[in-house]
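Subject: The structure we talked about

Hello,

Here is the structure I promised to pass on to you.

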Amino acid sequence: MRGDAVIYQIYPRSFFDKNGDGIGDVAGMVAKLDHLAWLGVDALWTSPTYPSPNVDWGYDVADHRAVHPELGTLDDLDTLIAEAEKRGIEVWLDLVPNHTSDRHEWFSERPEYYVWSKTIPNDWKSIFTKGSAWQWHARRRRYYLHQFAPQQPDLDWWNTDVRAEFEHIIRFWLDRGVSGFRIDVAHGLVKDRELRDGVEHMRGRPEVHDVYRSWQQIAREYDPKPTLMGETVVKLEQMFAYYQGLDLAQNFDFCTAAFELDELRPLVEKTMHGLPPGAIPTWFGSNHDHSRLATRWGAGDERRARAALFLVLTLPGVAILYQGDEIALEDGDVPENRVLDVADPSRDPERTPLPWTRSGEEWREPWLPLGDTRRNVEEQRAETSSTLHYVRDLIRARRELGDGYETLPSPRGVWAYRRGAKTCVLNMTPRRATYDGTRLDPWEGVIV
Ligand code: GLC
Ligand code: CA
């Protein structure tokens, strides 16, 4: 992976539906590879494509070595990897090692892979039910742990057989040509051995780094070395430690910050100062769990969405775009009777289908309602002043930026930073501004 890679996150069910059943599929990803190559991304990371009862839309994995029949076949995935490679695009999968589906055969045949207790041992809460994270299992007459839905039992990472299983799974995919993994709940795998009270004993334990160090050893056997990127939902101060084993740790404090100069600039500075030498930062403003950047940061104003994209794409390191960011797609409207997510509040608004055309005809009857199609790929590709072209141009321009980051003095509301021989200037206000003789429109970013 190049140090300034642009990673494009695909949410498969909502990306592109090739066979017309209302569900995006792997063949749909293949069909749009030319478009992604045109955009200039280096890698695509797809959210889970494994067989799953879809309690948590793929994040409840029932078989780690296969493809969900609704999304395609293993052959389709092999085709995706091969076709992407021809275009210089890496394929990264989503690895879900914290838990499985309760329909995974391990849950019935290898119960020792999971975390059990005769009584409810502590105060740990489920993120989805908000009640106890311990669920009574009538047949086994014990409680099992689930940080997420009760249908997502947590694996026991103190069990060396569990570790061995995942090493096999990782090799299985790397042998097929996968170039990287986004690791789901990377901060959560290892639980306190004594199951002590306190959320800090359920997640964020330091022993997890050993797991990633061992995966890194496997990755080093491959050439080019695949990339390991963690979903590290931790405070920035804790995030840095994940670089012991991982290549990339997702910067969630950045993603969840308000789009304000006084909040973001110190955060970027703290990130750059805190990273171990040589570590590559990550920047993103959307994913399938968070309101899209055009809605949250853009607040309905496309100029603001572009300012956010400017930032994500001109800071040093890796930029991650979530499908739709490139057209400043906003969250969709999902009426109560169409809600499919287990989480409350529902994450469906950021998971609605990607509009490829204004008529939306490519979606017919999509699994989640198609939102506003006024921002769509077809029209933005035809219009050189569109956000899609803006993103494409920025992806090209970022290749010319130098190393490092240095905040430069600037007038109020303007953010200026040095990137080697270039300077990036971003007007973070709804008013016109000037920086060193350069005139900036509201929310405008320029590279000088
Ligand atoms: C991660 C995923 C999220 C999922 C959860 C449980 O946070 O991004 O979508 O619900 O893990 O697997
Ligand atoms: Ca389909």
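Below is what turned up, taken one topic at a time.

Please keep in mind that this is a predicted model.

**The calcium ion**

Which residues supply its protein donors? They are D17 (OD), N19 (OD1), D21 (OD), I23 (O) and D25 (OD), and they lie 2.2 to 2.4 Å from the ion. Along the chain, these donors follow the spacing D-x1-N-x1-D-x1-I-x1-D. Is N19 buried or exposed? With a relative accessible area of 55%, N19 is exposed, because anything over 50% falls in that class. D25, by contrast, counts as buried at 4% relative accessibility.

**Salt bridges**

Side chains of opposite charge can pair when their charged atoms come close. How many salt bridges does a search of the whole structure find? The search gives 35, and here are some of them.

- D4 and R2 meet through their side chains, at 2.6 Å from N to O. D4 counts as buried at 18% relative accessibility, while R2 counts as partly exposed at 42%.
- R176 pairs with D78, and their closest N and O atoms are 2.9 Å apart.
- R375 pairs with E330, with 3.4 Å between the closest N and O atoms. Both lie in the loop between β11 (318-322) and α12 (377-382), so the pair ties together parts that are 45 residues apart in sequence. R375 counts as buried, at 18% relative accessibility, and E330 is partly exposed, at 28%.

There is also a network of salt bridges that links D56, D289, D341, R347 and R351.

**Helix α11**

Next, find helix α11 (residues 302-314), which has 13 residues. From its first C-alpha to its last, α11 reaches 18 Å, close to the 18 Å expected at 1.5 Å a residue. Its buried residues include A305, L309, F310 and L313. What caps the N-terminal end of α11? D301 does, with a side-chain oxygen 2.9 Å from the backbone nitrogen of R303.

**Aromatic rings**

A pair of aromatic rings is described by the distance of the centres and the angle of the planes. The structure holds 26 aromatic pairs. In one of them, the rings of F107 and Y114 have their centres 4.9 Å apart and their planes at 85 degrees, so the pair is edge-to-face. F107 counts as buried at 7% relative accessibility, and Y114 counts as buried at 2%. For W157 and F166, the centres are 5.3 Å apart and the planes are at 45 degrees, so this pair is tilted. Both W157 and F166 are buried, and they belong to one aromatic cluster together with W106, Y113, Y212 and W215.

K32 lies over the face of W356, at 4.2 Å from the ring centre. The charged end of R142 sits over the ring of W116, 4.5 Å from its centre.

Enjoy exploring, and write back with any questions!

Best wishes

Terms used. Residues are numbered from 1 along each chain as its sequence is written. Chains are lettered from A and ligands numbered from 1 in the order in which they are written. This is a predicted model: local features need pLDDT of at least 70, side-chain atom pairs count only at pLDDT 80 or more; totals for chains, interfaces and linings use all residues. Side-chain values use heavy atoms; hydrogens and water are left out. Donors are N, O and S atoms within 2.8 Å of the metal (3.2 Å for Na, K and Ca); water is not among the atoms, so sites may look incomplete. Buried means under 20% relative accessible area, exposed over 50%, partly exposed in between (1.4 Å probe, protein chains only). A salt bridge is a side-chain nitrogen of Lys or Arg within 4 Å of a carboxyl oxygen of Asp or Glu. Helices (H or I, at least four residues) and strands (E, at least two) are DSSP runs, numbered from the N terminus. The expected span of a helix is 1.5 Å times one less than its number of residues. A polar contact is a pair of N or O atoms within 3.5 Å; within protein, one must be able to donate a hydrogen and the other to accept it, and residues adjacent in sequence count only if both atoms are side-chain atoms. Rings of Phe, Tyr and Trp (its six-membered ring) pair if their centres lie within 6.5 Å; planes under 30 degrees apart count as stacked, over 60 as edge-to-face and the rest as tilted. A charge sits over a ring if NZ of Lys or CZ of Arg is within 6 Å of the ring centre and within 35 degrees of the ring normal.
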